[in-house]
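Here are my notes on the model, as numbered points. Have the structure open while you go through them.

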Amino acid sequence: MKDFLTRNQVPFTWFELERDAEAGRLLAANGGDAEHLPLVVTSTGQALQAPSTMEVADALGISSTPSLPFYDLIVIGGGPAGLGAAVYGASEGLRTVLVEREAIGGQAGQSSRIENYLGFPSGIRGGDLAWRATTQARRFGAEMLLTSEVASLDVCGSARVVRLANGAELAAHAVLLTTGVAYRRLEAPGVDAFAGSGVYYGAATTEAQSCRDEDVYIVGGANSAGQAAVFFASTARSVTLIVRGQNLERSMSHYLIQQIADLPNVHVRPCTEVIGASGDDHLERLQIADLAAGTKEEVETSWLFVFIGAAPCTDWLGKEVQRDENGFVLTGPDLLTEGRLRADWPLERQPYFLETSVPGVFAAGDVRGQSVKRVASAVGEGAMAVALVHRYLELL
Ligand SMILES: Cc1cc2nc3c(=O)[nH]c(=O)nc-3n(C[C@H](O)[C@H](O)[C@H](O)COP(=O)(O)OP(=O)(O)OC[C@H]3O[C@@H](n4cnc5c(N)ncnc54)[C@H](O)[C@@H]3O)c2cc1C
């Protein structure tokens with residue numbers, strides 16, 4: 001909930017039952033019970049007990065309904081690729097709508113600091129980048145449907161029809177898939193039970209204040225884990241990076257390895273993995289295996305952040321949109337086998353570079369097979385996809 005509110009730029013105050021007297025008072029005043037938390041009280045006084053993010057979005061008026069019966073371009077996913085496409089699509093005169101299920105910014109929106117994005121020499125917070133891009137897309141007239149999950153995509157003649165999980169339908173000439181990837185779960189006994197109560201997936205920025213002077217553990221050896229380690233080092237007492245590989249050199253950018261080496265309270269533990277978690281209501285202990293020494297140990301901590309790679313958000317797509325063995329969407333030249341197209345490709349021309357196996361449906365960013373998993377490349381592909389949509393529309 002904290003992550004959702006922060007990423008949607010909704011100001012809030014957070015009270016913990018164990019720590020703040022105000023929390024108990026609010027719970028009693030709203031007839032809530034401590035078994036069903038969080039209790040969300042809106043500025044108009046509406047109280048929602050253990051609500052879904054969708055219910056909160058509705059109560060706050062930040063979800064919306066489509067304003068047009070038909071669009072030129074529907075962009076699915078509000079990460080850097082989707083935002084790039086929304087800015088270019090709308091600025092070049094396409095009636096563009098972007099549909100996002102959680103919060104604008106995607107993975108980049110969860111990054112504490114993006115250091116290598118062009119034009120920001122001292123880095124930029126992922127949330128700030130997302131907010132700037134949203135403002136820019138809206139200024140050009142792009143429509144944003146927030147907290148709306150896309151459930152299916154169909155072809156009806158020349159129209160591409162997108163159905164939302166709430167039953168609403170949108171139609172357009174072209175669709176761009178920019179649904180990115182979602183974090184893989186850490187599979188170790190006990191870990192699942194503490195998701196949201198001590199175990200977090202990529203929600204680093206919103207939890208930093210709660211971890212002040214605490215011992216924090218991070219699993220992962222890639223840039224996202226490294227960024228989180230640097231970020232927590234400024235508030236936590238200690239940060240321990242649990243890395244399966246022998247070192248960070250093969251998986252993390254040099255600048256981050258350097259920053260970590262300069263931080264006295266960050267410890268890197270190569271050849272280790274988390275093999276279990278335990279506690280009462282909240283995470284209290286982790287079991288860690290040293291793979292090189294063949295030993296196990298238990299450490300006390302209430303905070304585990306997991307950054308162990310991600311899988312593409314493509315489960316909802318039908319078979320007609322071809323994917324590789326890991327679920328990433330195939331586009332353009334990757335659709336050819338031995339230089340030839342599948343028999344069911346219906347057109348004379350070959351698919352455009354970012355076009356999927358369904359004409360008029362394009363893919364960009366992390367969700368696309370063979371893509372470079374970076375903010376700049378996602379934004380670039382979003383922009384390039386719009387150019388290809390123009391080419392597609394000319395021949396309609
Ligand atoms: C913590 C972290 C730090 C990073 N730091 C850097 C960095 O410093 N530099 C760098 O270049 N890269 C960095 N990256 C990688 C970079 O953020 C990604 O490559 C980039 O965000 C990919 O953009 P995208 O738009 O393709 O996908 P995503 O960012 O994954 O966005 C996809 C969006 O689609 C939405 N979505 C998914 N399914 C649906 C659906 N069915 N309906 C509606 N919406 C849906 C998701 O909610 C999400 O918002 C970082 C990643 C992480 C996690």
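1. Start with Pro-38, which sits in the loop between helix 2 (21-29) and strand 1 (39-41). Helices here are DSSP runs of H or I with at least four residues, strands are E runs of at least two, and both are numbered from the N terminus. The peptide bond between Leu-37 and Pro-38 is cis, with omega about 5°.

2. Some housekeeping before going on. This is a predicted model, so local features need pLDDT of at least 70 and side-chain atom pairs count only at pLDDT 80 or more, while totals for chains, interfaces and linings use all residues. Numbering runs from 1 along each chain as its sequence is written, and side-chain values use heavy atoms, with hydrogens and water left out.

3. Gln-9 is another backbone spot to look at: its phi is near 60°, a positive value in a residue other than glycine. Gln-9 belongs to the loop between helix 1 (2-7) and helix 2. For context, most residues other than glycine have a negative phi, and most peptide bonds are trans.

4. Now the domains. The assignment (bounds from an automatic or database domain assignment) gives domain 1 (2-60), domain 2 (71-183 + 317-394) and domain 3 (192-306). The centres of domain 1 and domain 2, taken over C-alpha atoms, are 33 Å apart.

5. What do domain 1 and domain 2 share? Contact (heavy atoms within 4.5 Å) links 6 residues of domain 1 with 11 residues of domain 2. Between them they bury about 800 Å², 51% of it on carbon and sulfur atoms. On the domain 1 side, Arg-7, Gln-9 and Met-54 lose the most area to domain 2, together 68% of what that side buries. Buried area means the accessible area (1.4 Å probe) that two parts lose on being put together, summed over both.

6. On to the ligand. It is surrounded by 34 residues, and the closest are Glu-100, Gln-107, Tyr-183, Gln-227 and Asp-366; the cut-off is a heavy atom within 4 Å. By class, this shell holds 14 nonpolar, 14 polar and 6 charged residues, with Tyr counted as nonpolar and Gly as polar. Helix 5 gives the most to the shell, with 3 residues.

7. Which backbone atoms meet the ligand? A backbone N or O atom of Val-150 is 3.0 Å from a ligand nitrogen, and a polar backbone atom of Val-375 is 2.9 Å from a ligand oxygen. The protein covers 95% of the 1,000 Å² of accessible area that the ligand has on its own, by the Shrake-Rupley method with a 1.4 Å probe.

8. Last, Leu-393 in helix 10. Leu-393 touches Leu-94 and His-173, leaving aside residues up to four places away in sequence. Its C-alpha is 8.1 Å from that of Ala-174, although Leu-393 and Ala-174 are 219 residues apart in sequence.

Terms used: A polar contact is a pair of N or O atoms within 3.5 Å; within protein, one must be able to donate a hydrogen and the other to accept it, and residues adjacent in sequence count only if both atoms are side-chain atoms.
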